[in-house]
Amino acid sequence: MQSEEIFRQGGESLDISDFNITIVGLGLLGGSMAMALRALGPGNLSGIDRDETAIEFALKSGIIDSGHTDSETALRQADIVIICLYPDQIVKYIKDNLNFFKKGAIITDIAGIKSEIVREISSIEGRDFEFISGHPMAGNEYKGIQHADGEMFRNANYIITPLEENKEESIELISTLMKKIGFKNVIRVTPEKHDRIIALTSHLTHIIAVSLVNSNMLDVDTKLFIGGSFKDASRVALINCELWPQLLISNKENVIEQIELFEENIRSIKAAIRNDDSELLEKQFQQASMRRKEIL
């Protein structure tokens, strides 16, 4: 069946058995995507990765139907391509393989930043595919397909940043597909709004966790005093050290803005403690408690 015919089906009745899907990058998220999609029974599910051991693991585990270290064969057959690479690799990968994508295919990604990627890909001339950028708000502190989990996306949020040029049926197809693999909500925003919000809800939280764990007072003896609050606040300090510098630097203006706002709040609390201002502290805590209940 041609891609255009498949994509018109869409909706909750979407039959994934009509689709050939290719995952580029069989790491933690790519492997988890493959596992979740496998449960839906796609027509063909292939994986592309430079690491032969990742491909071997995916094949032996029954996660994919076929694996490739080169891209041409899998891309020429793929109706949907999900690129699960680091942000600095996505644009290059698409440009390097521009002539291999099936005409009318939909390409999406999982990058935690959007503006720069969407801008560069949308400016590529001569492309015969649609690019609808996506961001699964899910994951854990591990790396590699060995830690992949097909249930990782259950009840999580998925953000897409479509452009005016994207067809509504293509956007609906990606939205429906993501709901079928477990995402509870699919949110549409502009790439710019995504990066502005994610600087607070994701990037700043990781920065705070890293700063907390890197405290000069934290040593071997201190671990005997750690309870649930420290564990919760510092969990994401178990961080992908290669990925996160890319995310923060690529989104630097939004991230710096959020750091500065956070510094203002910290200075306010610091001043209240120094001045024995229990009234201001109580007001701050009450506000935080109410807002926490509203958002989670």
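Visitor: Before we look at how helix α8 and helix α10 meet, what pLDDT does the protein average?

Guide: This is a predicted model, and the protein averages a pLDDT of 92, with 95% of the residues scoring at least 70. Confidence is lowest in helix α1, residues 3–9, where the mean is 45, and highest in strand β4, residues 80–83, where it reaches 98. Over residues 1–11 the pLDDT is below 50, although this stretch has 25 contacts in the model beyond near neighbours in sequence.

Now to the part you asked about. Two packed helices are described by the angle between their axes and the distance between the axes. For helix α8, residues 191–213, and helix α10, residues 243–250, the axes come within 11 Å and cross at roughly 125 degrees. Angles of 65 to 115 degrees count as roughly perpendicular and those over 145 as roughly antiparallel, so α8 is oblique to α10. The crossing of these two helices, α8 and α10, is left-handed. On the α8 side, the contact is made by Ser202, His203, His206 and Ile207, while α10 brings Trp244, Leu247 and Leu248. Sorted by class, the contact of α8 with α10 has four nonpolar residues and three polar ones, and no charged residues.

Technical notes
Residues numbered from 1 in each chain as written. Predicted model: local features only at pLDDT ≥ 70, side-chain atom pairs only at ≥ 80, totals over all residues. Heavy atoms only, no water. pLDDT = per-residue confidence, 0-100. Helix = DSSP H or I, 4+ residues; strand = E, 2+ residues; numbered from the N terminus. Contact = heavy atoms within 4.5 Å. Axes fitted to C-alpha atoms, helices over the stretch in contact; angles between N-to-C directions. Parallel < 35°, antiparallel > 145°, perpendicular 65-115°, else oblique. Left-handed = near helix turned anticlockwise from the far one by under 90°. Nonpolar A, V, L, I, M, F, W, Y, C, P; charged D, E, K, R; others polar.
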